[in-house]
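Please walk me through this structure step by step. I would like plain paragraphs that I can follow with the model open.

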Amino acid sequence: MTDETLLEIGPVSKSFGEAPVLREVSLTVRKGEFMTLLGPSGCGKTTTLRIIAGFESPDSGRVRLAGADVTDLPPYERDVHTVFQHYALFPHLDVAGNIAFGMRMDKVPPPEIARRIPEALAMVKLSGFEKRRVSSLSGGQMQRVALARAIAGKPSLLLLDEPLGALDLKLRKEMQLELKRLHRRLGFAFVYVTHDQEEAMTMSDRIAVFNKGRIEQIGAPSEIYEAPRTSFVADFIGGANVFSAKVLPGAEGRAHLLIEDEVEVDVPLDPGESLPAPGRRVKVGIRPERVRVYYKDELPFGALRLDATIADSIFLGDACQIYLRFLKSAPDKLLTALAGGDRYTMHDDLGVPAIAAIQPDDVYILEEDA
Amino acid sequence: MLDRALSWLLGGRRPTASHLLLAPSAVWLTIFLLLPSAGLLALSFAHNGPYGAVSWTLGLQNYRRAFNPEYVPVLLRTLVFSGGTTLICLLLGYPLAYYLSFRAGRRRGALIIALMVPFWTSALVAFYSWMIILGREGLLNAVLRRLGLVSAPLALLYTPFSLFLGLVYFYLPFTVLPLYGSLEKIPRQYVEAAYDLGAGRWSAFRQVTLPLSMPGIVAAVLLTFVPCLGDFLTAELLGGPRYYLVGNLISNQFLMAQDWPFGAALTCLLLAGLVGGLWLYRRWEAVA
């Protein structure tokens, strides 16, 4: 553990009754880092957050905060505050009373509390709301008050449990930017739970992708996007074309693959990436937006050419999705391409021949799913 | 005339067909509550004739008599026993309701039914049972003597102890159920938020759970205190003549003294006090 590490958990397991919810989850959060726990519902991300906050205790594994083991401490003895999904603002207190609550519990002197309330409200752009009743606030305002309440006590770690889930899309986009700005200004670490991959991409320093109680991959957004390690991560983030392939003998530092027993491709390996043994079957993926579609013979340099026909296409406005049929032996396994909206072909073009071009270094090899 | 009265009753809204659904209860209340109450009010201004006959020369003499200092001790005693019962019920009932709401888990249903059993038992049967338990030769004294804890039987029945016991026994469900109803509705998240912000168990209870259960506490106090004020059966059977309450005073006017007009006046005063108190409470609640 270095000086930079703020939170370290693991390997944490937890079951509710018979059902395992977390299986040996390990995670570290650095000081000042914006870490997002991302995954579909029921993947264990919220349980992980609740274990960090102290609302649940793990069956096995430890939680260390700022170097101290806090696994057996109750939530009120941890220097961690939570922004709850449904705000959980105290209805019997006004806005100022809600924000003062944590500071009163921490025995902050009253003049200091009085000074920090307007400060916290200014941070969330709600200056002058001190005397408002909680029931008179809109959803977005409640979310801001919940945020102000959690940051007013200056914890070393802020936990956010899908805080924007109940807001409409426009407000959510606004709040994403504001949270990011707040995080930069406050300087303490955020652990943020969401099922929205776009939200995770926008805001995080690092993302931990959860699936079925395990962390499938931890990394910076670009890392997770460019080099997903498992087909779940590839599919959950940005969508993916996943095919099976056989490893053929090839040159050093490259993987020679036969995709779906039809298409041969020579994929350069990343430094440190191990070469799968020849003869093994692996899964490979490629991002839809890395598949280029041409209607006449104009192939970019170094690209792999796939002769295909258009199976379907969807117009999305600024973009379009084109589904390509390129395998003779398995015509139902389609290749998805994401192209600019100007490349949209009308429906009467369905079945027409097209050329799909793939750069071999855009193909990534996926680990076996656990 | 009728439609104006109807519209007033409906708070200014126009009567519609769906308001006919109110008709059965309106008829019921008119026949069995409003008309008898009006009769009682009229009766309270009448004179008591010989042998319990009522003479309809109206006057205020019954009310004047009610404020006679000889009735002050009964009134004070009633307030003490009602207030004391309410307090004891709250102290016993709040932890019970808290347990039912947050800790009982799967046992909750069975426990609530157990709580309701005395409520479903005929009060008369229950109080006679208590008399058998508490009497000089009763169960409790027998056990105490067998154990050698007392040499002579204790006087338990017809004491403030037995009266409080009976009142608390009978009214406890009236306290627990509204408390349970309001505690159970408090989302777990509020308590978690309090813990999260650094409140220990006791602080979280004091600062969050207790204030949020206030409506339940007020309802519990009203539902216990008000019927206690009018209670006469418990005092009759477990309190004895030395601890008569206002309820006994009233029932005696109707059943023993044959002075219906005076009984009616006492009833109207009790009702006026209750309605006045509720009105003040509503005013206070609206302001707060």
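**The sheet of chain A**

In this predicted model, strand β1 (residues 5–16) of chain A pairs with strand β4 (residues 60–65) of chain A; the two run antiparallel and are joined over five bridges. Within β4(A), S60(A) is the residue that stands opposite S13(A). In general, the strands of a sheet pair through backbone hydrogen bonds, in either a parallel or an antiparallel way.

The pair belongs to an open sheet of four strands in chain A, with the order β2-β1-β4-β5 and antiparallel pairing.

Chain B comes next. Its secondary structure consists of 14 helices and two strands. The C-alpha atoms of chain B fill a box of roughly 70 × 70 × 35 Å along the principal axes. Of the 288 residues in chain B, 28% are buried. Counting contacts in chain B between residues at least 6 apart in sequence, 66% join residues at least 24 apart.

Finally, the two chains touch. The contact takes 17 residues from chain A and 14 residues from chain B. On the side of chain B, the elements that give two or more residues are α9 (188–196) and α10 (201–212). α9(B) gives the most, with six residues. The residues on this side of chain B divide into eight nonpolar, four polar and two charged.

How values were computed: Residues are numbered from 1 along each chain as its sequence is written. Chains are lettered from A and ligands numbered from 1 in the order in which they are written. This is a predicted model: local features need pLDDT of at least 70, side-chain atom pairs count only at pLDDT 80 or more; totals for chains, interfaces and linings use all residues. Two residues are in contact if their C-beta atoms, placed from the backbone, lie within 7 Å. Ala, Val, Leu, Ile, Met, Phe, Trp, Tyr, Cys and Pro count as nonpolar, Asp, Glu, Lys and Arg as charged, and the others, Gly among them, as polar. Two strands pair if DSSP finds at least two bridges between them. A residue is buried if 20 or more other C-beta atoms lie within 10 Å of its own, exposed if 12 or fewer, and partly exposed in between; C-beta atoms are placed from the backbone.
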